Amino acid sequence: MSRIGKLPISLPSGVQVEVSKENEVTVKGPKGTLSVPVDRDITVTQADGQLVVERPTEQKRHKAMHGLYRSLLNNSIQGVSTGYEHKLELVGVGYKAAMAGTTLELSLGYSHNIFLALPKEVTATAVTEKGKNPIVTLNSIDKQLLGQVAAKIRSLRKVEPYKGKGVRFVGEQIRRKAGKTASK
């Protein structure tokens with residue numbers, strides 16, 4: 001049995017779950033609403049304030065989907081109740097970030113500024129304190145979408161291993177390389 005799949009998901013207060021006949025699970029909470037399409041072979045039942053995901057057989061395909069859909073449902077429930085947050089740090093001389101409506105404007109050492117239109121489900125704030133690196137904070141109820149947006153921002157200027165300049169997650173450890181040594 002899948003260790004993750006067999007765990008029941010406890011529903012926090014204020015979160016409502018509906019399972020449709022097409023096996024689509026809709027999760028409503030204080031922060032918003034998310035829907036997760038579940039494979040027709042996997043059954044989702046709700047009882048005693050818990051959500052249980054079950055598989056019909058021991059086929060490899062069913063085993064793989066068992067843990068997957070349990071995790072997706074758990075992420076949705078956590079998202080509508082508490083939400084998710086990613087913080088990105090811009091390390092480099094002259095690197096800047098600013099929000100203009102739903103557009104994130106980044107200055108990352110290129111000859112031009114980068115304008116990134118954020119999805120309506122993701123909210124962002126850009127904070128620049130004197131003497132510190134600019135920090136972009138992304139918030140959303142959808143964990144998958146938030147990760148995609150954060151990865152897109154990070155890919156605009158990847159961290160280089162010699163000086164450590166680039167866009168990184170706050171608290172991320174960067175493997176540094178030694179540069180050239182001076183010849184004798």
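**Figure 1. The salt bridge of R61 and D39 in the predicted model.** At 40% relative accessibility, R61 counts as partly exposed. This value, like every other one in these legends, belongs to a predicted model. The side chain of R61 meets that of D39 in a salt bridge, with an N to O distance of 3.3 Å. D39 lies in the loop between strand 4 (32-37) and strand 5, whereas R61 belongs to helix 1, so the pair ties together parts that are 22 residues apart in sequence. D39 has a relative accessibility of 17% and therefore counts as buried, the limit for that class being under 20%. Side chains of opposite charge can pair when their charged atoms come close.

**Figure 2. The salt bridge of E58 and K63.** The closest N and O atoms of E58 and K63 are 3.9 Å apart, and the two residues form a salt bridge. E58 counts as exposed, at 51% relative accessibility; the class of exposed residues begins over 50%. K63, at 40% relative accessibility, counts as partly exposed.

Figure 3. E172 and R154 meet through their side chains in a salt bridge of 2.5 Å, N to O. This pair links distant parts of the chain, for E172 is in the segment after strand 13 (166-169) and R154 is in helix 2 (residues 143-155), 18 residues apart. Both partners are partly exposed: E172 has a relative accessible area of 25%, and R154 stands at 23% relative accessibility. The structure as a whole holds eight salt bridges.

Figure 4. Three strands form an open sheet in the order 1-6-5, and their pairing is antiparallel. Strand 1 (9-10) and strand 5 (43-47) stand at the edges with a single partner strand each, so one side of each is left without a neighbour in the sheet. Two bridges pair strand 1 with strand 6 (residues 50-54) in the antiparallel sense. At one of these positions, S10 has Q50 of strand 6 as its bridge partner. Helix 1 (residues 60-81) packs on this sheet and touches strand 1, strand 5 and strand 6. The direction of helix 1 makes about 160° with that of strand 6.

Figure 5. Strands of a sheet pair through backbone hydrogen bonds, either parallel or antiparallel.

Figure 6. Five bridges pair strand 8 (residues 96-100) with strand 9 (residues 103-107) in the antiparallel sense. A98 stands opposite E105 in strand 9, and the bridge partner of A97 in strand 9 is L106. Two residues lie between the strands of this hairpin, in which G101 takes a positive phi near 70°.

**Figure 7. The hairpin of strands 9 and 10.** Strand 9 and strand 10 (residues 114-117) run antiparallel and are joined by four bridges. L106 stands opposite I114 in strand 10. The hairpin has six residues between its strands, and G109 takes a positive phi near 90°.

**Figure 8. The surroundings of T137.** T137 is found in strand 12 (residues 135-140). With a relative accessible area of 9%, T137 is buried. Leaving aside neighbours within four places in sequence, T137 is in contact with E85, H86 and K87, and also with T123, A124 and T125.

**Figure 9. The two spans listed in the UniProt record.** An unreviewed UniProt entry lists residues 12-83 and 91-168 for "domain: Large ribosomal subunit protein uL6 alpha-beta". Over residues 12-83 the chain is 31% helix and 36% strand, while residues 91-168 are 17% helix and 37% strand. The end C-alpha atoms are 13 Å apart for residues 12-83 and 8 Å apart for residues 91-168.

Definitions and conventions. Residues are numbered from 1 along each chain as its sequence is written. This is a predicted model: local features need pLDDT of at least 70, side-chain atom pairs count only at pLDDT 80 or more; totals for chains, interfaces and linings use all residues. Side-chain values use heavy atoms; hydrogens and water are left out. Two strands pair if DSSP finds at least two bridges between them. UniProt positions are given in the numbering used here, feature names are shortened, and annotations may be inferred rather than shown by experiment. Contact means heavy atoms within 4.5 Å. Axes are lines fitted to C-alpha atoms, for helices over the stretch in contact, and angles run from 0 to 180 degrees between N-to-C directions. A salt bridge is a side-chain nitrogen of Lys or Arg within 4 Å of a carboxyl oxygen of Asp or Glu. Buried means under 20% relative accessible area, exposed over 50%, partly exposed in between (1.4 Å probe, protein chains only).
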